[in-house]
Amino acid sequence: MRALDQLVHGRTRLRARYALMPLEGYPVSRLPGWAGAEVKVLASPAIGAQFAQYLADVPAGVQGGFPVPPQVETFHYVLSGTGRFTDGAAVQRALKPGSFGLTPPGCRAEFTAAEPLRVLLLRKRYEPAAGIEVFSGSYGEEPEVPRQVWGDSPHSLLQTLIPDELPFDLAMNIFTFDTGFGLPIIETHVMEHGLYFLQGKGLYYLDEEWMEVEKDDFIWMGPFCPQSFYATGPEPARYIYYKNVNRDVTI
Ligand code: UGY
Ligand code: MN
C-alpha cells in the first residue's frame, strides 16, 4: 500500500505475451485448504499462463494444502520461515529457507508453519508421454544444489533444482548474476516462464521493451516472448524460474 499522499503510478505491465507484476499490487486470496493463510495468485490461465503460481504466507501453527486432482503436480520453494511438509504418505520433510520439492500428480502437498512461512508454489497439469513413467517426488535444499557456470561466465551461475530427465515435464532453476552480467542474447522460445525475483535488481527485456525489475517482482513470459536480462545494483541479482520442458508440442 502507498501512503495517501503518494502517487499510485507503478511498474505493473500486462501484455499479450508477458506480465510484470510487483508484489505490492496483489490482493490476498483466501483459498479452500489454506484457511488462515494469505495467498497471492501470481499467475493463472486468466492471463494466458498454462500453469498457476502462488505465494502463500502461512502464520505459525497454521496448515495449508491443495486438494488432490489426479493429474496435477505441485512445486514448492520456501522463501522464509520454518515448518514441515508432507505428501500425505511417506514423504515428511522439515522446511527452512531454500527447501524445495516437486510432488507428483495424485499426491497431497501439505505445509505446516512452525514460524511464519512464506512459500512459492506452482501447480501444473502433468503432461504424460507414451513410454515414459511418471516421476517420483524430488526434494532438496537450495544451498546444496551446485551453482554451475553458465554461458562460459563465472559471473553467471545456474542451479537446476529438478533433474533434467524425461519423466519430468518442468524445470525450476535459479540464476545468480553478478552486476553487469545476464543473458547475452535475446531469447525467444516455445517454453513459458513463471519468474520470481529473489534478490537485487536489474533490467528485463520483454517483448521489445526494457523494464526495471527488483526483489519480489513476478514475471510471466508466454511462449515465444522475446526476453533478456542484465543485473544492476550493488549485489548479485537472483531469480527462480519455471520452464515447461521435455515434451513435444501439442498439435
Ligand atoms: O532457461 C531459460 O530459458 C532462461 N535462460 N530464460 C530466462 O532467464 N529468461
Ligand atoms: Mn528463457
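This is a predicted model: local features need pLDDT of at least 70, side-chain atom pairs count only at pLDDT 80 or more; totals for chains, interfaces and linings use all residues.
**Entry 1. Domains**

I began with the domain assignment, which divides the protein chain into domain 1 (27-143) and domain 2 (144-244). I then looked up the separation of the C-alpha centres of domain 1 and domain 2, and it is 21 Å. For the interface, I noted 31 residues of domain 1 in contact with 26 residues of domain 2.

**Entry 2. The open sheet**

I traced an open sheet of eight strands and wrote down its order as E1-E2-E19-E16-E21-E15-E14-E13. The pairing in this sheet is antiparallel. Which strands stand at the edges? I found strand E1 (13-14) and strand E13 (148-150) there, each with a single partner strand. One side of E1 and one side of E13 are therefore left without a neighbour in the sheet. I recalled that strands of a sheet pair through backbone hydrogen bonds, either parallel or antiparallel.

E13 pairs with strand E14 (residues 153-160) in the antiparallel sense, over three bridges.

**Entry 3. The manganese site**

I listed the residues that coordinate the manganese ion (ligand 2): Glu187 (OE), His189 (NE2), His193 (NE2) and Gln227 (OE1), at 2.2 to 2.3 Å. Along the sequence, I recorded the spacing of these donor residues as E-x1-H-x3-H-x33-Q. Are His189 and His193 buried or exposed? I found both His189 and His193 to be buried.

I next checked the geometry of the manganese ion (ligand 2). The site has six donor atoms, and the angles among them run from 76 to 172°. The site is octahedral. For reference, I noted that the ideal angles for six octahedral donors are 90 or 180 degrees.

**Entry 4. Salt bridges of Arg11**

I recorded 13 salt bridges in the structure. Among them is the pair of Arg11 and Glu214, whose side chains meet at 3.4 Å, N to O. Arg11 lies in the segment before E1 and Glu214 in strand E18 (residues 209-214), so this pair ties together parts that are 203 residues apart in sequence.

I then found that Arg11 also meets Asp217 in a salt bridge, at 2.8 Å, N to O. Asp217 lies in strand E19 (residues 217-221) and Arg11 in the segment before E1, so the pair ties together parts that are 206 residues apart in sequence.

I compared the accessibility of the residues involved. Arg11 is partly exposed, with a relative accessible area of 25%. Glu214 likewise counts as partly exposed, at 40% relative accessibility. Asp217, at 1%, counts as buried, because the limit for that class is under 20% relative accessible area.

**Entry 5. The salt bridge of Lys124 and Glu73**

I looked up a further salt bridge, formed by Lys124 with Glu73, and noted 3.8 Å between the closest N and O atoms. The two residues link distant parts of the chain, with Lys124 in strand E11 (residues 117-125) and Glu73 in strand E6 (residues 72-80), 51 residues apart.

How accessible is Lys124? I found that Lys124 counts as buried at 4% relative accessibility. Glu73 counts as buried as well, at 0% relative accessibility. Finally, I noted that salt bridges with shared partners join Glu73, Lys124, Glu127 and Asp169 into one network.

Key: Residues are numbered from 1 along each chain as its sequence is written. Chains are lettered from A and ligands numbered from 1 in the order in which they are written. Side-chain values use heavy atoms; hydrogens and water are left out. Two strands pair if DSSP finds at least two bridges between them. Helices (H or I, at least four residues) and strands (E, at least two) are DSSP runs, numbered from the N terminus. Donors are N, O and S atoms within 2.8 Å of the metal (3.2 Å for Na, K and Ca); water is not among the atoms, so sites may look incomplete. Four donors count as tetrahedral if all angles lie between 85 and 135 degrees; four count as square planar and six as octahedral if opposite donors are over 155 degrees apart and all others between 65 and 115; anything else is irregular. Buried means under 20% relative accessible area, exposed over 50%, partly exposed in between (1.4 Å probe, protein chains only). A salt bridge is a side-chain nitrogen of Lys or Arg within 4 Å of a carboxyl oxygen of Asp or Glu. Domain bounds come from an automatic or database domain assignment. Contact means heavy atoms within 4.5 Å.
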